[in-house]
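Take a look at the structure shown here. The report below goes through it one spot at a time.

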Amino acid sequence: MRISTTGSISLAAALLATSVYAQNPPNTHTHGTSTVQLVQRNQELVIYVRSPGVDMLGVGRLPINMEEQTKLSQVEDNMRNPAFWIDLPAAAGCNMTRYYPSQHPVIAGRGALQEMSPGKDYSDKGEHMDLNFTYHFHCANPGALDSARIKLFDQFPSIQTVNAKVPGHPVQALSASSNMVQLR
């Protein structure tokens, strides 16, 4: 079954409009803290991940040399595989349909700038950088989506807290020893 673009856009818009965002804005930049937001409607699941670049790359700014660019490409390639950082219930039968990595420079006191555009020079605009990953899944049995294990702590040891946001629930502060987000 194919998910319509209109439905995906409206679900993504719902993700941005939920009160969960009002409780803790998505462009908070705190080293050691990542955000995972999960929204499900019918058979579609959208997950948004945001993390300071320093926690995933070891540098907190845009890559300035080939070594840093290679590391960014490696992180994006690893994050392309959801099993690298999250365990969804197998019984839910979720298959990724889309993946969007991006970077946002962050200016102290002003939050994230617009999403990075290839070919533009952002070197003087951002003091820090966040990495963002958006995933769309089609889940054959969405009733089985009751929890998920977040494995970002295993992959990126400098991440100490993941604020998991699910509409209708308070923000769940996860850690390496308590890494299950409740979805229902």
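## A buried histidine

The side chain of His136 makes a polar contact with the side chain of Glu44, at 3.2 Å. This is a predicted model, so the distance is a computed one. His136 sits in strand S6.

Is His136 buried or exposed? Its relative accessible area is 5%. The cut-off for buried is under 20%, so His136 counts as buried.

## The nonpolar core

Strand S6 matters here too, as a contributor to the core. The largest nonpolar core has 38 residues. Strand S6, residues 128–139, supplies the largest share of this core, with 6 residues.

Which core residues touch the most other members? They are Ile47, Met79, Trp85, Ile150 and Leu152. Take Ile47 and set aside its neighbours within four places in sequence. Ile47 is then in contact with Val36, Gln37, Leu38, Trp85, Ile86, Leu88, Phe133, Thr134, Tyr135 and Phe137.

Strands S3 and S7 pair in the antiparallel sense over 2 bridges. Strand S7 covers residues 147–150.

The open sheet has 3 strands, in the order S3-S7-S10, with antiparallel pairing. Which strands are at the edges? They are S3 (86–87) and S10 (180–182), and each pairs on one side only. In general, strands of a sheet pair through backbone hydrogen bonds, either parallel or antiparallel.

Now to a loop. Asn42 lies between strand S1 (33–41) and strand S2 (44–52). Asn42 is not a glycine, yet its phi is positive, at about 55°. Most residues other than glycine have a negative phi.

Is Asn42 buried or exposed? Its relative accessible area is 60%. The cut-off for exposed is over 50%, so Asn42 counts as exposed.

Ala164 belongs to strand S8, residues 161–165. Its relative accessibility is 0%, so Ala164 counts as buried.

How many residues separate Ala164 and Gln37 in sequence? The answer is 127, but their C-alpha atoms are 5.8 Å apart in space. Not counting residues up to four places away in sequence, Ala164 touches Val36, Pro170, Val171, Gln172, Leu174 and Val181.

Definitions and conventions: Residues numbered from 1 in each chain as written. Predicted model: local features only at pLDDT ≥ 70, side-chain atom pairs only at ≥ 80, totals over all residues. Heavy atoms only, no water. Pairing = 2+ DSSP bridges. Helix = DSSP H or I, 4+ residues; strand = E, 2+ residues; numbered from the N terminus. Core = buried A, V, L, I, M, F, W, Y, C linked by side-chain atoms within 4.5 Å. Buried < 20%, exposed > 50% of the residue type's maximum accessible area, 1.4 Å probe, protein only. Contact = heavy atoms within 4.5 Å. Polar contact = N/O pair within 3.5 Å; in protein donor to acceptor, adjacent residues only side chain to side chain.
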